[in-house]
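Hello,

Here is the structure I promised to pass along. Have a look at it first, and my notes on the charged side chains follow below.

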Amino acid sequence: MTKWDVVSATVTRHLEFSVTFADGLSGSVRLLPSHLHGVFAPLGDPELFRQLQITDGFVSWPGEVDLAPDAMYDAIRQNGEWVLA
């Protein structure tokens with residue numbers, strides 16, 4: 001397990017969730033509507049977004065959509081949150 005493996009994630013509102021990593025670092029992630037294109041377009045559906053899960057240390061959704069935990073970790077370590085625009 002690496003320090004940036006996600007151990008918990010909870011949807012706080014549509015396009016936002018809180019996350020905790022293996023080393024205890026925690027913060028929030030926000031996806032702006034401008035990020036909802038390509039593979040991320042389906043996350044605009046609130047019902048699908050609520051299906052957030054952790055798969056092998058990654059935050060993921062059905063349809064093989066996931067976020068890079070190392071980039072998420074670095075942004076949260078620096079800013080307390082990661083905003084995907």
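A residue is called partly exposed when its relative accessible area lies between the buried class, under 20%, and the exposed class, over 50%. Glu81 has 28% relative accessibility, so Glu81 counts as partly exposed. Please keep in mind that this is a predicted model.

Glu81 belongs to one of them: its partner is Arg30, with 3.2 Å between the closest N and O atoms. This pair ties together distant parts of the chain, as Glu81 sits in strand β7 (residues 81–84) and Arg30 in strand β3 (residues 26–31), 51 residues apart. Arg30 has a relative accessible area of 29%, so Arg30 is partly exposed too.

Another salt bridge joins Asp74 and Arg77, at 3.3 Å from N to O. Both residues lie in helix α2 (residues 69–79), and because they are three residues apart there, about one helical turn separates them. Asp74 is partly exposed at 34% relative accessibility, and Arg77 is partly exposed at 48%.

The remaining one is between the side chains of Glu16 and Arg13, with an N to O distance of 3.8 Å. How exposed are Glu16 and Arg13? Glu16 comes out at 22% relative accessibility, so Glu16 counts as partly exposed.

Best wishes

Key:
Residues numbered from 1 in each chain as written. Predicted model: local features only at pLDDT ≥ 70, side-chain atom pairs only at ≥ 80, totals over all residues. Heavy atoms only, no water. Salt bridge = Lys/Arg side-chain N within 4 Å of Asp/Glu carboxyl O. Buried < 20%, exposed > 50% of the residue type's maximum accessible area, 1.4 Å probe, protein only. Helix = DSSP H or I, 4+ residues; strand = E, 2+ residues; numbered from the N terminus.
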